[in-house]
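Student: Hi! Could you walk me through this one while I have it open?
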Amino acid sequence: MFKAFIVDDEPLARDELAYLLKRSKQVEIVGEGDSIENSLSQIHGLQIDVIFLDIQLADESGLDLAEKVMDLEPRPEIVFATAYDEYALKAFDLQAIDYIMKPFDETRVLQTVEKLEKVIKGKDNGTSSSLDQGLSIGKRNDKLAVTVDERIVLIPVHEIVYIGAIEGRTVIVTDQQRYQVNDPLITFERKLHQKSIIRVHRGYLVNLDKIVEIQPWFHSTYNLIMKDGEKIPVSRTFTKDLKEHFGF
């Protein structure tokens with residue numbers, strides 16, 4: 001069972017989501033909030049695995065709270081639970097595990113719980129759970145197994161050029177192919193953290209071996225020119241790791 005915190009300025013919406021989560025028998029609701037300030041003051045004093053976060057919070061945006069949560073250690077997972085689908089791309093840029101729509105559907109909520117359970121179990125164990133094995137690196141063949149259109153595709157890690165969160169979907173680009181998958185970017189970051197794949201931006205992981213040029217950009221940021229010609233931005237948050245790797 002994992003611990004959840006719900007942020008929504010509508011009491012009825014909080015109650016409905018809490019009811020559905022409790023029905024899964026996998027979730028303990030450890031707190032609720034109706035604003036950024038109120039929620040943060042509680043979150044700092046709690047051990048939380050996941051925050052279910054509405055986007056429209058009276059005069060505030062749940063996206064702002066999500067950005068603050070990214071600085072916490074350990075960082076709880078984020079699931080956006082909202083009536084507005086136009087924020088999906090931004091949500092995945094913020095490394096959200098899932099994005100569920102109001103009015104809540106119990107089957108859809110349970111799917112999110114299943115996804116969270118496997119991600120959190122993998123974090124706790126420090127290894128891949130049974131589901132994560134479908135996204136993990138094979139110990140013998142150094143391949144990443146991903147589900148694409150109900151097929152399991154084995155992608156050699158050394159062929160990956162970059163992985164990006166693009167228009168609400170995760171895209172894996174290799175030397176030969178381009179795959180769209182449903183799993184969030186952070187899932188791949190965890191599975192590939194011991195390889196040559198690193199995060200350079202909230203929306204991108206890149207293969208260091210596929211970078212052909214590093215171009216300085218504004219405000220101490222960079223653009224990476226990849227082997228396929230794609231230009232990938234590097235945010236200031238991740239420039240230190242890049243510089244340390246290449247020694248510049």
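Student: Which backbone atom lies 3.2 Å from a polar atom of the Ser 35 side chain?
Tutor: That is the backbone nitrogen of Asn 38. Keep in mind that this is a predicted model.
Student: Okay, and where is Ser 35 placed?
Tutor: You'll find Ser 35 in the loop between β2 (27–33) and α2 (36–43).
Student: Is Ser 35 buried or exposed?
Tutor: Buried, because its relative accessible area is 17% and the cut-off for buried is under 20%.
Student: Switching to the sheet: what is the strand order?
Tutor: Five strands run in the order β2-β1-β3-β6-β7, forming an open sheet with parallel pairing. At the edges are β2 and β7 (98–101), each of which pairs on one side only.
Student: How many bridges join β1 and β3?
Tutor: Four, in the parallel sense.
Student: Now the inside. How many residues are in the largest nonpolar core?
Tutor: There are 22, and among those with the most contacts inside it are Leu 17, Leu 21 and Phe 52. The largest share, five residues, comes from α5.
Student: What does Leu 21 contact, leaving aside neighbours within four places in sequence?
Tutor: With those left out, Leu 21 is in contact with Ile 6, Val 27, Ile 29, Phe 52, Val 109 and Val 113. There is also a second, separate core of 20 residues, including Ile 36 and Phe 80.

Methods: Residues numbered from 1 in each chain as written. Predicted model: local features only at pLDDT ≥ 70, side-chain atom pairs only at ≥ 80, totals over all residues. Heavy atoms only, no water. Helix = DSSP H or I, 4+ residues; strand = E, 2+ residues; numbered from the N terminus. Buried < 20%, exposed > 50% of the residue type's maximum accessible area, 1.4 Å probe, protein only. Polar contact = N/O pair within 3.5 Å; in protein donor to acceptor, adjacent residues only side chain to side chain. Core = buried A, V, L, I, M, F, W, Y, C linked by side-chain atoms within 4.5 Å. Contact = heavy atoms within 4.5 Å. Pairing = 2+ DSSP bridges.
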